[in-house]
Amino acid sequence: MAVRYGLLAAGLFRRRVAIAADLLALGGHGEAAAEELNNTFSSMSPAKVTPIQCNIRNEDEVEALVKSTLSLYGNIDFLVNGGGGQFASPSEAIRGKGCNAVIDANLTGTFYCCKAVYNAWMKEHGGVIVNITVALRNGFSGMHSEAARAAVNNPTKTLALEWGLVFSETAVANYGEQGTMMWLKIIPQIPAKRSAVPEEISPAVCFVLSPAASCITGITLAVDGGQSLYSSPLEIPDHNRWLSPREGKNSEMLRKLLSGKFKPKL
Ligand SMILES: CCCCCCCCCCC/C=C/C(=O)SCCNC(=O)CCNC(=O)[C@H](O)C(C)(C)COP(=O)(O)OP(=O)(O)OC[C@H]1O[C@@H](n2cnc3c(N)ncnc32)[C@H](O)[C@@H]1OP(=O)(O)O
Ligand SMILES: NC(=O)C1=CN([C@@H]2O[C@H](COP(=O)(O)OP(=O)(O)OC[C@H]3O[C@@H](n4cnc5c(N)ncnc54)[C@H](OP(=O)(O)O)[C@@H]3O)[C@@H](O)[C@H]2O)C=CC1
């Protein structure tokens, strides 16, 4: 299994006994993390974590990575695109370079990984791909991340059809450090009245990877405590920027309602 190493990938590895897979750990901290996981779990399973450096924003590096994975293991059964991120910024302050950097990492990088694994292995042998994104369907602060994550959604469906693979998106609402303050504010709006934790993400991914999901493809599985069904984490400040409705008895009634002077009969 190839995943970009991170918090969620660590959870996947902890469940590797269930999916009996070796795991490829990518990213700057991959080496130390791989060592830690191998030490912790060596008594439970023969599966191994191998760290390999790769910047997924670089197509050549991704192709080289897939090549070395195949020479190391001989096959790639699963690809979990679990890396990425963003910087926090109000949308109006995001510069073009920063916007492109986030789109390159989260959208184009995901596509490079899917394409390279498909061309080198899954086209002939099949396989399962899971793209991990962020649950922000009703709008979210920081348009760069939102644009990149939402843009993974349709290609997940398209590639599922075009390539005939089991292909899914897992949209996650979690409590990552970057989002902590914001999540604390929005928790009252989440139907579960709490955010998800990583231990609730990896079983969802393992389900999609497992034979139990063998007739499922092109789906988005939201692990978000019902957040995307219910509300937006965006806070709307008071403003007066919308056009007023046409003058008439209905607009008069609306003004009365909004003024708080209206006395309902019921
Ligand atoms: C108002 C609140 C909004 C909150 C939005 C947060 C949403 C929370 C989501 C919920 C919780 C999610 C948790 C997670 O995602 S866990 C993963 C956590 N890890 C990360 O997020 C790290 C991700 N970082 C990266 O992947 C890279 O650093 C990144 C792609 C963002 C940038 O890569 P790099 O540094 O290599 O980029 P470039 O050199 O190509 O470009 C740099 C330009 O990017 C802009 N930039 C970068 N950092 C900032 C910043 N902190 N503030 C503003 N702008 C930033 C900037 O334009 C850089 O170019 P210049 O310096 O030349 O202007
Ligand atoms: N944690 C959370 O609260 C939430 C996370 N998510 C999303 O879920 C996914 C997994 O998150 P999680 O595991 O928690 O995050 P982590 O930050 O723990 O892991 C992300 C990994 O991606 C790697 N990475 C980032 N950019 C690149 C790149 N260009 N090339 C190669 N590797 C890269 C990072 O490498 P390095 O080690 O070098 O930094 C890091 O190890 C991400 O897309 C994240 O945005 C969504 C909602 C909430």
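Among contacts in the chain between residues at least 6 apart in sequence, what percentage join residues at least 24 apart? The figure is 73%, where two residues are in contact if their C-beta atoms, placed from the backbone, lie within 7 Å. Keep that in mind as you click around.

**Before you start**

This is a predicted model, in which local features need pLDDT of at least 70 and side-chain atom pairs count only at pLDDT 80 or more, while totals for chains, interfaces and linings use all residues. Residues are numbered from 1 along each chain as its sequence is written, with chains lettered from A and ligands numbered from 1 in the order in which they are written.

**Stop 1: the whole chain**

Colour the chain by pLDDT, the predictor's confidence in each residue, from 0 to 100. The mean is 84, and 86% of the residues reach 70 or more. Now select residues 1-5, where pLDDT stays under 50 and the model has 30 contacts beyond four places in sequence. Residues 15-20 are also below 50, with 14 contacts beyond near neighbours in sequence. For the complex, the predictor gives an ipTM of 0.96 and a pTM of 0.90.

Switch to a cartoon view to find 10 helices and 7 strands. Helices (H or I, at least four residues) and strands (E, at least two) are DSSP runs, numbered from the N terminus. Of the 266 residues, 37% count as buried. A residue is buried if 20 or more other C-beta atoms lie within 10 Å of its own, exposed if 12 or fewer, and partly exposed in between, with C-beta atoms placed from the backbone.

**Stop 2: helix H3**

Select residues 30-41, which form helix H3. The expected span of a helix is 1.5 Å times one less than its number of residues. For the 12 residues of H3 that gives 16 Å, and the end C-alpha atoms are 16 Å apart, which agrees. Next, highlight Gly30, Ala33, Ala34 and Leu37, the buried residues of H3. Seen down the axis, they fall within an arc of 100 degrees, so they line one face of the helix; the arc is that of the directions from the helix axis to the C-beta atoms. On the face turned away from the buried side, look for exposed Ala32 and Asn39.

Asn38 is partly exposed, with 17 other C-beta atoms within 10 Å. Leaving aside neighbours within four places in sequence, Asn38 is in contact with Lys48 and Val49.

**Stop 3: helix H4**

Which residues of H4 are buried? They are Val62, Leu65, Val66 and Thr69. These cover an arc of only 95 degrees around the axis, which puts them on the same side of H4. Exposed Asp60, Lys67 and Ser71 sit on the face turned away from that buried side. Just after H4, pick out Gly74, which takes a positive phi of about 90 degrees.

**Stop 4: the largest nonpolar core**

A nonpolar core is a set of buried Ala, Val, Leu, Ile, Met, Phe, Trp, Tyr and Cys residues joined through C-beta atoms within 7 Å. The largest has 40 residues, and those touching the most other members include Val62, Cys113 and Val130. Elements giving it two or more residues include H4 (59-73), H5 (96-125) and S5 (128-134). H5 gives the most, with 8 residues.

Beyond its neighbours within four places in sequence, Val130 is in contact with Val80, Ser168, Thr170, Val205, Val208 and Leu209.
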